[in-house]
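Biologist: I have the coordinates open and would like to go through them with you. Could you take my questions one at a time?

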Protein chains: 2
Amino acid sequence: MLKFNEQALLENMNGALSLRPKINEVVDKINAEGYSNVCWLGIGGTYASAMQAVIHMKEKSAIETFYQNAAEYVVTGNKRITSKTLVVISSVSGSTEEIVAAVKKLEKVHATILGFIDNENAPLASMVDYRISYPTDEQLKFFMVGDRLMNLVGEFPDYEDFYKELDTHFAEDIVAVEKKADDFALKFAEKHHEDDIHYFVGAGNQWGATYSYAMCYWEEQHWLKTKSIEAAEFFHGMFEIVERDTPVTVYVGEDTQRPLSERVANFLPQICGNYTIIDSKEYDLPGISEKYRGTLSPFVFHAINNRIDAHIEYINRHPMDIRRYYRQLKY
Amino acid sequence: MLKFNEQALLENMNGALSLRPKINEVVDKINAEGYSNVCWLGIGGTYASAMQAVIHMKEKSAIETFYQNAAEYVVTGNKRITSKTLVVISSVSGSTEEIVAAVKKLEKVHATILGFIDNENAPLASMVDYRISYPTDEQLKFFMVGDRLMNLVGEFPDYEDFYKELDTHFAEDIVAVEKKADDFALKFAEKHHEDDIHYFVGAGNQWGATYSYAMCYWEEQHWLKTKSIEAAEFFHGMFEIVERDTPVTVYVGEDTQRPLSERVANFLPQICGNYTIIDSKEYDLPGISEKYRGTLSPFVFHAINNRIDAHIEYINRHPMDIRRYYRQLKY
């Protein structure tokens, strides 16, 4: 399989899952000290992960939790963020300009900052109250924080059982998803690698990932035009431009918002002959209970998208690492 | 001027502004009874207005306020919405399926619902706790609610002064903006009425309107492809697909997020030869104090967009009232 390292994938996921005691040590302390609300602050890809974390918690939680764009925080502020707020951030480089500026501003209001800063020597590494450094699996790290917060206030009684299943089976299951998805992904890439514009539709805990996949992968890394849209919004304007040949992909996950994606998937064939439905239900997750599958759909889609990316990169001979503008020009 | 009725425009705006005592009667009562947070619930265009209302309040307020997609509320719920929540909705038809379903669910948690339901005989009209029926100017109605809420908790001490200026000058000022913008709008429409895809960039209190203008006007009413993007996010993926001939329009308003739009506007000429900057500063608002202009930028842009729409509609001979799918097919 193209650009596929089974061993590395297994190690990455199991490594991320094994951060949980470390994460819980921090979260338990913050919970014991008391907090009023939880802010997920990001920009670009991390903004998308922040959206996902909020929707993930909304499924179960009455905790006040929201996402905040870092650049917007710098200019507009947010009076809901106070010294009693837990702010969670993530940064691979640890030097993202807008995040650094936002964290400086957060320090002035004395919010508590938990940072997943992959580069231990980056500026952000020393600016946060609690730092955890581990590459890859941002969503998983965010979900582990949210899940522990909910568990501590009694909103996630199955917490131990859920993570027992993940620790035992999840990494292998995701490897199996990538393997199973590879044929589909090749065909999809062959069909869509030159699309003028590709539409991606997502809902629920897959919406942030859909926004991110369209923008941070197809636009940023493949230089292909995309538009992403929330499934619920599809029927309120956007669908008027869909015609026979418009390429539309719908992610149908298994969380509570599945009916919203299903509605798009069921309607599309009436007006479009160039659609793709990617349904997480078609992928087994051995050892994972049915009731937890909704939470895990984004990881299934992520694995499928990885395979699509590998094939588009190869077909287009466009290495995903190159950028023409990002950090190349001044802006 | 094409499709321009000065008298009707003046009457609409002044009529909306004169709703204020009626709005305040409701808001003052809700405030006196006590509320814990404010939810702006919508879908499509009203979801966009909800986003705008939240950003508008964030500029000044520590009140917990958030927007909620109606369809998502129906399936996922939101535990922050309780019997102590004020929910604000708006609906022209009063029959939007997702809003009706959401309001039915809201009734079960006994949230207080203030509805701007234009059609007095529609299903929603009798389902809300407080109803105000007046056509047009949704944003203005939302802002009047938010402003009064903030005023009542001491966050908007200039409230009376601000609305005195609006009551006296705003409608005439907006008429003057439409007149001034018409030449520009004709040239813009002539250049862009056949774009394969048009990019719209907005920030702050113009972001919701940018999302809505792209989706509910160009896509839904002109059947032209668009993508809208928050100015802060532009640099985190999307801009990699911008080339010499990519049509990009940036709204540069005067609220706190002006620097975010300016950043895009300043950068674009390096990589793009087909951009348009629409800056609210270029439009006078006689009688309005400088410090209030940021709040009013979306109305300036709305007036300019109206003129663009009139010209695109005529050039394309595509009446804006027609829909091919919306409420035409089952979905």
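Biologist: To start, how many salt bridges does a search of the whole structure find over all chains?

Modeller: The search finds 38 salt bridges over all chains, a salt bridge being a side-chain nitrogen of Lys or Arg within 4 Å of a carboxyl oxygen of Asp or Glu. Please keep in mind that this is a predicted model, in which local features need pLDDT of at least 70 and side-chain atom pairs count only at pLDDT 80 or more, while totals for chains, interfaces and linings use all residues. Residues are numbered from 1 along each chain as its sequence is written, chains are lettered from A and ligands numbered from 1 in the order in which they are written, and side-chain values use heavy atoms, with hydrogens and water left out.

Biologist: Which residue does Asp167(A) meet in a salt bridge?

Modeller: Asp167(A) pairs with Arg20(A), at 3.1 Å from N to O. The pair links distant parts of the chain, since Asp167(A) sits in helix α7 (residues 159-192) of chain A and Arg20(A) in helix α2 (residues 20-33) of chain A, 147 residues apart. Helices here are DSSP runs of H or I with at least four residues, strands are runs of E with at least two, and both are numbered from the N terminus.

Biologist: Is Arg20(A) buried or exposed?

Modeller: Arg20(A) is buried, with a relative accessible area of 11%, whereas Asp167(A) is partly exposed at 35%. The cut-offs are under 20% relative accessible area for buried, over 50% for exposed and partly exposed in between, using a 1.4 Å probe and protein chains only.

Biologist: And in chain B, what does Arg307(B) form a salt bridge with?

Modeller: Its partner is Asp182(B), and the closest N and O atoms are 2.9 Å apart. Because Arg307(B) lies in helix α11 (residues 293-316) of chain B and Asp182(B) in helix α7 (residues 159-192) of chain B, the pair ties together parts that are 125 residues apart in sequence. Arg307(B) is buried at 1% relative accessible area, and Asp182(B) is buried as well, at 11%.

Biologist: Changing topic to the interface, how many residues of chain A are in contact with chain B?

Modeller: There are 63 residues of chain A in contact with 63 residues of chain B, where contact means heavy atoms within 4.5 Å. The area buried between the two chains is about 6,000 Å², with carbon and sulfur atoms giving 51%; buried area is the accessible area (1.4 Å probe) that two parts lose on being put together, summed over both. In chain A, the residues that lose the most area to chain B are His236(A), Glu240(A) and Tyr325(A), together 13% of what that side buries.

Biologist: How many salt bridges does the rule find across that interface?

Modeller: The rule finds eight across the interface of chain A and chain B. One salt bridge joins Glu98(A) to Arg263(B), with the closest N and O atoms 3.0 Å apart, and a network of salt bridges links Glu97(A), Glu98(A) and Arg263(B).

Biologist: Arg263(B) is in α10, I think, so which residues of that helix are buried?

Modeller: Seven of the ten residues of helix α10 (residues 258-267) of chain B are buried, so the helix is mostly covered. The buried residues are Arg258(B), Leu260(B), Ser261(B), Arg263(B), Val264(B), Ala265(B) and Phe267(B). They pack against elements of both chains, including α4 (70-76) and α5 (97-109) of chain A and β6 (198-202) of chain B.

Biologist: Where does Glu64(B) lie?

Modeller: Glu64(B) is in the loop between α3 (45-58) and β2 (65-69) of chain B, and at 6% relative accessibility it counts as buried. Not counting residues up to four places away in sequence, Glu64(B) touches residues of both chains, among them Glu64(A), Arg80(A) and Arg80(B). Its side chain also makes a polar contact of 3.4 Å with the side chain of Asn37(B). A polar contact is a pair of N or O atoms within 3.5 Å; within protein, one must be able to donate a hydrogen and the other to accept it, and residues adjacent in sequence count only if both atoms are side-chain atoms.

Biologist: Last one, which side chains does Ser280(A) make polar contacts with?

Modeller: The side chain of Ser280(A) is joined to that of Glu254(A) by a polar contact of 2.6 Å, and it makes another with the side chain of Ser297(A) at 3.4 Å. Ser280(A) lies in the loop between β9 (275-279) and α11 (293-316) of chain A and is buried, with a relative accessible area of 0%.
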